[in-house]
Amino acid sequence: MFHMEFMKKICSKVKEMEQPEMSKVMAGKLSLADKLLGSGESRVMFRWRSSLWKLLWQELLAYTASFMMISMVYRYTLTMEQQVQLEKLIRWCRHQSTGLPITFLLGFYVSLVVKRWWEQYCKLPWPDTIAIFLKGLVVGEPGEKRVVARMIRRTVIRYCLLAYILCIRRISSRLKKRFPSMQDLAKTGIVRPDESSRIGDEESQEVHGSNWWMPLKWSVEILNKAKQEGLVTSAPGYSHMLGRLSEFRARLSEVATYVYLPVPLVYTQVVHLAVYVYFAVSLIGEQWIIWRQPGDEEVDLYYPIFMTVRFLFIFGWLRVAETLYNPFGEDDEDFELNELLNRHFKVAMTIVDEHEDPPELKKDIFWNQVDPELIEHPELDVEEVLVDYKEDFIFH
């Protein structure tokens with residue numbers, strides 16, 4: 001006991017000595033970063049991952065090089081008569097390009113793709129609600145029935161996650177690489193070999209050729225048997241639990257339907273064609289005119305400044321749609337389904353299991369307060385309480 005008190009004092013002294021020095025160093029680093037990159041939202045412009053610069057730097061470099069090559073040919077290789085004829089073409093292209101409804105077409109298309117991208121993520125089902133229902137409804141008396149109830153809860157959650165994997169891996173390249181076959185799934189323990197043989201190899205490429213719904217059917221049969229054996233005593237609760245399983249299945253079906261029924265190809269082609277034609281015409285129409293006439297620009301620049309900005313705006317808009325068109329790929333903005341699946345497995349299994357009892361029931365500090373306020377209470381030494389709890393947890 002003396003040893004533990006002594007070590008706690010040493011750790012607290014070391015912590016007090018390190019905090020001022022670390023705060024000074026971090027303050028220096030933050031102030032230097034703020035000076036170089038700005039602060040708050042301005043730092044967004046200097047990010048690389050998933051950024052506009054990462055998506056467009058190659059296309060912008062090629063487009064600018066093409067523009068400059070045409071400009072050099074126009075300025076230094078053509079005769080004056082040829083330059084005058086080319087300037088007529090420049091004026092015509094400039095006039096014709098202003099009539100293209102590029103902003104309307106692209107804006108509607110991008111809004112549609114972004115809406116579909118967000119809806120697909122929102123429709124991905126989470127097993128937490130099913131796990132909570134199982135924990136509260138599938139219980140048993142101490143002894144053998146409690147062990148059976150625990151087995152039922154864990155099996156139903158495992159079947160839900162198995163259905164999740166079997167459905168999403170058909171449309172997600174990340175899950176397909178992680179679980180390329182049923183044998184690889186069996187090696188993880190999420191499915192037993194006898195269960196895998198009943199589901200099949202799941203290698204069919206047809207839209208409705210998967211048996212991902214089968215584990216959910218087994219879950220309903222297991223819960224029905226549990227109700228008959230008295231492990232589920234609440235009839236309304238049993239009905240709500242089956243409703244959550246049905247909702248889980250419906251959400252998986254909706255996500256799969258989004259992928260099987262994409263945005264019409266014709267609309268996608270129209271938008272891409274409009275953007276490419278617009279900027280192909282701009283290679284000529286945005287050239288600076290040498291032999292100016294009344295109404296032409298008064299300056300002569302080599303580099304297309306505003307055309308570059310327009311290229312970043314419009315092509316960046318188009319790249320947003322291309323990046324979000326299939327969120328189940330491996331781009332920076334695609335869904336991190338591996339991490340999401342790991343989270344679902346860990347949380348759902350923890351909810352339905354019986355690793356530890358809940359915290360002891362005690363009166364809170366707001367007891368008998370007429371108008372409680374959520375403020376800091378100096379009398380509560382939280383760090384000391386946490387240290388004592390950890391010591392009790394380790395040594396007892």
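A crossing of two helices is left-handed if the near helix is turned anticlockwise from the far one by less than a right angle, and right-handed if clockwise. Helices here are DSSP runs of H or I with at least four residues, numbered from the N terminus.

This is a predicted model, in which local features need pLDDT of at least 70 and side-chain atom pairs count only at pLDDT 80 or more, while totals for chains, interfaces and linings use all residues. Residues are numbered from 1 along each chain as its sequence is written, and side-chain values use heavy atoms, with hydrogens and water left out.

Start with helix α14 (residues 337–352). Two packed helices are described by the angle between their axes and the distance between the axes. Axes are lines fitted to C-alpha atoms over the stretch in contact, and angles run from 0 to 180 degrees between N-to-C directions. Helix α6 (residues 144–168) packs on α14 at about 165°, with the axes 9 Å apart. The two are therefore roughly antiparallel, a word for angles over 145 degrees. Their crossing is right-handed. Helix α5 (residues 128–137) also packs with α14, at about 15° and with the axes 8 Å apart. This pair is therefore roughly parallel, the word for angles under 35 degrees. The crossing of α5 and α14 is right-handed.

Now turn to charge. Side chains of opposite charge can pair when their charged atoms come close. A salt bridge is a side-chain nitrogen of Lys or Arg within 4 Å of a carboxyl oxygen of Asp or Glu. The structure holds 15 of them.

D353 takes part in a salt bridge with R154, with the closest N and O atoms 2.4 Å apart. D353 sits in the loop between α14 and α15, and R154 in helix α6, 199 residues away. D353 also bridges to R150, at 2.5 Å between the closest N and O atoms. With a relative accessible area of 4%, D353 is buried (under 20%; exposed is over 50%, partly exposed in between, with a 1.4 Å probe and protein chains only). R150 is partly exposed at 34%, and R154 is partly exposed at 30%.

Elsewhere, K123 and E254 meet in a salt bridge of 3.1 Å, N to O. K123 lies in helix α4 (residues 102–123) and E254 in helix α11, so the pair ties together parts 131 residues apart in sequence. K123 is partly exposed at 24%, and E254 is partly exposed at 34%.

Definitions and conventions:
Angles under 35 degrees count as roughly parallel, over 145 as roughly antiparallel, 65 to 115 as roughly perpendicular and the rest as oblique.
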